[in-house]
Amino acid sequence: MKKENIVLKDRETTEKRILDAVGYIILEEGFEKIGVNAVAQRAAVSKMLIYRYFGGVEELIARYIFQKDYWINISIESDKIQDVNKFLKTIFRKQILLLREDIIIKRLYRWELSINNSMINEIRAKRESNGCQLVDIISKLTKSTSKEVASLASIISASISYMALLEELNPIYNGIDLQSNAGWEQIAEGIDLIVDLWLKSKEK
(Lines give C-alpha, C1' and ligand atoms only; values in the text may rest on other atoms or scores of the structure.)
Protein backbone atom coordinates (compact mmCIF):
# COMPACT_ATOMS: atom_id res chain seq x y z
CA MET A 1 0.00 0.00 0.00
CA LYS A 2 1.34 3.43 -0.94
CA LYS A 3 2.33 5.81 1.84
CA GLU A 4 -0.28 8.41 0.85
CA ASN A 5 -3.02 5.74 1.00
CA ILE A 6 -1.91 4.74 4.49
CA VAL A 7 -1.94 8.38 5.60
CA LEU A 8 -5.43 8.87 4.13
CA LYS A 9 -6.74 5.73 5.83
CA ASP A 10 -5.23 6.81 9.16
CA ARG A 11 -6.91 10.19 8.84
CA GLU A 12 -10.29 8.61 8.03
CA THR A 13 -9.96 6.34 11.06
CA THR A 14 -9.03 9.25 13.32
CA GLU A 15 -11.85 11.44 12.02
CA LYS A 16 -14.33 8.64 12.68
CA ARG A 17 -13.03 8.27 16.24
CA ILE A 18 -13.40 12.00 16.81
CA LEU A 19 -16.94 12.08 15.38
CA ASP A 20 -17.89 9.01 17.44
CA ALA A 21 -16.66 10.89 20.52
CA VAL A 22 -19.03 13.75 19.68
CA GLY A 23 -21.95 11.32 19.64
CA TYR A 24 -20.96 9.68 22.92
CA ILE A 25 -20.64 13.00 24.73
CA ILE A 26 -24.02 14.29 23.50
CA LEU A 27 -25.72 11.03 24.44
CA GLU A 28 -24.09 10.54 27.84
CA GLU A 29 -23.48 14.08 29.10
CA GLY A 30 -25.64 16.36 27.01
CA PHE A 31 -25.08 18.76 24.16
CA GLU A 32 -23.83 21.54 26.45
CA LYS A 33 -20.78 19.43 27.33
CA ILE A 34 -19.47 19.43 23.76
CA GLY A 35 -16.14 21.23 23.45
CA VAL A 36 -12.77 20.67 21.82
CA ASN A 37 -11.19 19.64 25.12
CA ALA A 38 -13.91 17.11 25.93
CA VAL A 39 -13.91 15.62 22.43
CA ALA A 40 -10.11 15.43 22.34
CA GLN A 41 -10.03 13.64 25.67
CA ARG A 42 -12.76 11.20 24.71
CA ALA A 43 -11.21 10.43 21.30
CA ALA A 44 -7.66 10.32 22.74
CA VAL A 45 -6.31 12.84 20.25
CA SER A 46 -4.76 16.28 20.56
CA LYS A 47 -6.84 19.46 20.37
CA MET A 48 -4.65 20.66 17.54
CA LEU A 49 -5.61 17.62 15.49
CA ILE A 50 -9.29 18.47 15.88
CA TYR A 51 -8.66 22.05 14.79
CA ARG A 52 -6.61 20.81 11.84
CA TYR A 53 -9.21 18.28 10.65
CA PHE A 54 -12.42 20.16 11.46
CA GLY A 55 -11.64 23.79 12.25
CA GLY A 56 -13.58 24.11 15.49
CA VAL A 57 -16.56 22.94 17.52
CA GLU A 58 -19.31 24.18 15.19
CA GLU A 59 -17.60 22.67 12.15
CA LEU A 60 -17.13 19.41 14.05
CA ILE A 61 -20.80 19.21 14.97
CA ALA A 62 -21.84 20.15 11.43
CA ARG A 63 -19.70 17.30 10.06
CA TYR A 64 -21.43 14.91 12.44
CA ILE A 65 -24.81 16.05 11.14
CA PHE A 66 -23.59 15.74 7.56
CA GLN A 67 -22.72 12.06 7.96
CA LYS A 68 -25.94 11.19 9.81
CA ASP A 69 -28.59 13.31 8.09
CA TYR A 70 -31.26 11.24 6.34
CA TRP A 71 -32.06 13.57 3.44
CA ILE A 72 -28.38 14.26 2.74
CA ASN A 73 -27.49 10.59 2.54
CA ILE A 74 -30.60 9.20 0.88
CA SER A 75 -29.90 7.21 -2.28
CA ILE A 76 -31.84 8.47 -5.30
CA GLU A 77 -31.91 6.17 -8.34
CA SER A 78 -34.95 6.77 -10.50
CA ASP A 79 -34.41 3.67 -12.64
CA LYS A 80 -34.77 1.46 -9.56
CA ILE A 81 -38.16 2.88 -8.51
CA GLN A 82 -40.59 0.25 -9.77
CA ASP A 83 -43.48 1.14 -7.46
CA VAL A 84 -43.86 4.85 -6.67
CA ASN A 85 -46.47 4.21 -4.00
CA LYS A 86 -44.24 1.80 -2.10
CA PHE A 87 -41.18 4.00 -2.59
CA LEU A 88 -42.82 7.09 -1.11
CA LYS A 89 -44.24 5.23 1.88
CA THR A 90 -40.87 3.61 2.51
CA ILE A 91 -38.78 6.80 2.47
CA PHE A 92 -41.08 8.52 4.96
CA ARG A 93 -41.13 5.48 7.24
CA LYS A 94 -37.34 5.40 7.10
CA GLN A 95 -37.23 9.06 8.09
CA ILE A 96 -39.41 8.23 11.10
CA LEU A 97 -37.22 5.27 12.02
CA LEU A 98 -33.99 7.25 11.82
CA LEU A 99 -35.25 10.14 13.94
CA ARG A 100 -36.80 7.84 16.54
CA GLU A 101 -33.66 5.72 16.86
CA ASP A 102 -31.08 8.51 16.88
CA ILE A 103 -31.59 10.82 19.84
CA ILE A 104 -28.24 12.46 19.08
CA ILE A 105 -29.23 13.69 15.63
CA LYS A 106 -32.53 15.00 17.05
CA ARG A 107 -30.65 17.10 19.58
CA LEU A 108 -28.33 18.35 16.87
CA TYR A 109 -31.27 19.32 14.66
CA ARG A 110 -32.50 21.53 17.50
CA TRP A 111 -29.03 23.07 17.74
CA GLU A 112 -28.94 23.65 13.99
CA LEU A 113 -32.07 25.79 14.16
CA SER A 114 -30.14 28.43 16.09
CA ILE A 115 -26.93 28.37 14.02
CA ASN A 116 -26.04 30.01 10.73
CA ASN A 117 -22.54 29.52 9.35
CA SER A 118 -20.88 28.21 6.20
CA MET A 119 -20.88 24.57 7.32
CA ILE A 120 -24.56 24.64 8.27
CA ASN A 121 -25.37 26.39 4.99
CA GLU A 122 -23.54 23.60 3.17
CA ILE A 123 -25.68 21.03 4.97
CA ARG A 124 -28.86 22.88 4.08
CA ALA A 125 -27.77 23.27 0.46
CA LYS A 126 -27.09 19.54 0.15
CA ARG A 127 -30.48 18.68 1.64
CA GLU A 128 -32.11 21.14 -0.74
CA SER A 129 -30.28 19.67 -3.73
CA ASN A 130 -31.29 16.11 -2.86
CA GLY A 131 -34.84 17.20 -2.08
CA CYS A 132 -35.25 18.99 -5.42
CA GLN A 133 -33.78 16.01 -7.25
CA LEU A 134 -36.24 13.68 -5.54
CA VAL A 135 -39.14 16.02 -6.30
CA ASP A 136 -38.12 16.09 -9.96
CA ILE A 137 -37.97 12.28 -10.13
CA ILE A 138 -41.39 11.80 -8.51
CA SER A 139 -42.90 14.53 -10.69
CA LYS A 140 -41.80 12.73 -13.84
CA LEU A 141 -42.88 9.30 -12.61
CA THR A 142 -46.35 10.51 -11.59
CA LYS A 143 -46.75 13.10 -14.34
CA SER A 144 -47.32 15.77 -11.70
CA THR A 145 -46.01 19.30 -11.43
CA SER A 146 -42.91 19.87 -9.32
CA LYS A 147 -44.90 22.44 -7.36
CA GLU A 148 -47.48 19.86 -6.34
CA VAL A 149 -44.93 17.20 -5.36
CA ALA A 150 -42.75 19.68 -3.48
CA SER A 151 -45.73 20.91 -1.44
CA LEU A 152 -46.83 17.43 -0.40
CA ALA A 153 -43.29 16.23 0.32
CA SER A 154 -42.52 19.32 2.40
CA ILE A 155 -45.68 18.99 4.48
CA ILE A 156 -45.03 15.33 5.24
CA SER A 157 -41.26 15.46 5.89
CA ALA A 158 -41.51 18.64 7.97
CA SER A 159 -44.33 17.14 10.05
CA ILE A 160 -42.23 14.06 10.78
CA SER A 161 -39.26 16.20 11.80
CA TYR A 162 -41.35 18.46 14.02
CA MET A 163 -43.06 15.64 15.87
CA ALA A 164 -39.80 13.72 16.29
CA LEU A 165 -38.11 16.78 17.78
CA LEU A 166 -41.13 17.32 20.02
CA GLU A 167 -41.16 13.75 21.30
CA GLU A 168 -38.78 14.22 24.26
CA LEU A 169 -40.39 17.47 25.45
CA ASN A 170 -44.07 16.94 24.67
CA PRO A 171 -44.93 13.23 24.35
CA ILE A 172 -48.57 13.66 23.34
CA TYR A 173 -49.65 15.41 20.14
CA ASN A 174 -53.33 15.50 19.10
CA GLY A 175 -53.87 12.51 21.37
CA ILE A 176 -51.08 10.51 19.70
CA ASP A 177 -48.39 9.06 21.97
CA LEU A 178 -45.15 10.16 20.31
CA GLN A 179 -43.10 8.00 22.65
CA SER A 180 -44.71 4.74 21.58
CA ASN A 181 -44.36 2.53 18.53
CA ALA A 182 -48.14 2.43 18.25
CA GLY A 183 -48.32 6.21 18.11
CA TRP A 184 -45.78 6.44 15.33
CA GLU A 185 -47.44 3.61 13.43
CA GLN A 186 -50.63 5.67 13.56
CA ILE A 187 -48.72 8.61 12.06
CA ALA A 188 -47.13 6.38 9.41
CA GLU A 189 -50.54 5.00 8.45
CA GLY A 190 -51.81 8.56 8.08
CA ILE A 191 -48.92 9.31 5.73
CA ASP A 192 -49.69 6.13 3.79
CA LEU A 193 -53.27 7.34 3.39
CA ILE A 194 -52.11 10.72 2.06
CA VAL A 195 -49.86 8.98 -0.47
CA ASP A 196 -52.64 6.59 -1.52
CA LEU A 197 -55.20 9.37 -1.98
CA TRP A 198 -52.78 11.58 -3.86
CA LEU A 199 -51.68 8.85 -6.27
CA LYS A 200 -55.30 7.75 -6.76
CA SER A 201 -56.16 11.34 -7.75
CA LYS A 202 -53.51 11.10 -10.50
CA GLU A 203 -55.36 8.18 -12.08
CA LYS A 204 -58.43 10.29 -12.89
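**View 1. Lining of the second largest pocket.** By class, the second largest pocket of this predicted model is lined by 5 nonpolar, 3 polar and 5 charged residues, where Ala, Val, Leu, Ile, Met, Phe, Trp, Tyr, Cys and Pro count as nonpolar, Asp, Glu, Lys and Arg as charged, and the others, Gly among them, as polar. The space in this pocket comes to about 250 Å³, and of its 13 lining residues Ser 75, Ile 81, Phe 87, Ile 91 and Lys 94 are the closest to the centre. A pocket is an open set of points on a 1 Å grid over the protein atoms alone, where a 1.4 Å probe fits and protein lies on both sides within 12 Å along at least five of seven lines, and lining residues have an atom within 4 Å of a point. Helix α6 gives the largest share of this lining, 5 residues; helices are DSSP runs (H or I, at least four residues) numbered from the N terminus.

Residues are numbered from 1 along each chain as its sequence is written, and side-chain values use heavy atoms, with hydrogens and water left out. Because the model is predicted, local features need pLDDT of at least 70 and side-chain atom pairs count only at pLDDT 80 or more, whereas totals for chains, interfaces and linings use all residues.

**View 2. The largest pocket.** About 850 Å³ of space lies here, and the residues closest to the centre, out of 36 in the lining, are Trp 71, Ala 153, Ser 154, Ser 157 and Ala 158. Helix α9 contributes the largest share, 10 residues, and the lining by class holds 25 nonpolar, 6 polar and 5 charged residues.

**View 3. Ile 91 in the largest nonpolar core.** Ile 91 is listed with Ile 18, Val 39 and Ile 50 as touching the most other members of this 63-residue core, a set of buried Ala, Val, Leu, Ile, Met, Phe, Trp, Tyr and Cys residues joined through side-chain atoms within 4.5 Å. Beyond four places in sequence, Ile 91 is in contact (heavy atoms within 4.5 Å) with Tyr 70, Trp 71, Ile 74 and Leu 134.

**View 4. Ser 144 between two helices.** Ser 144, in the loop between α8 and α9, is buried at a relative accessible area of 11%, buried meaning under 20% (1.4 Å probe, protein chains only). Its side chain makes a polar contact of 3.4 Å with the side chain of Lys 202, a term for a pair of N or O atoms within 3.5 Å, one able to donate a hydrogen and the other to accept it.

How values were computed: Points joined across faces, edges and corners; volume = space filled by probe spheres on them. Buried < 20%, exposed > 50% of the residue type's maximum accessible area, 1.4 Å probe, protein only.
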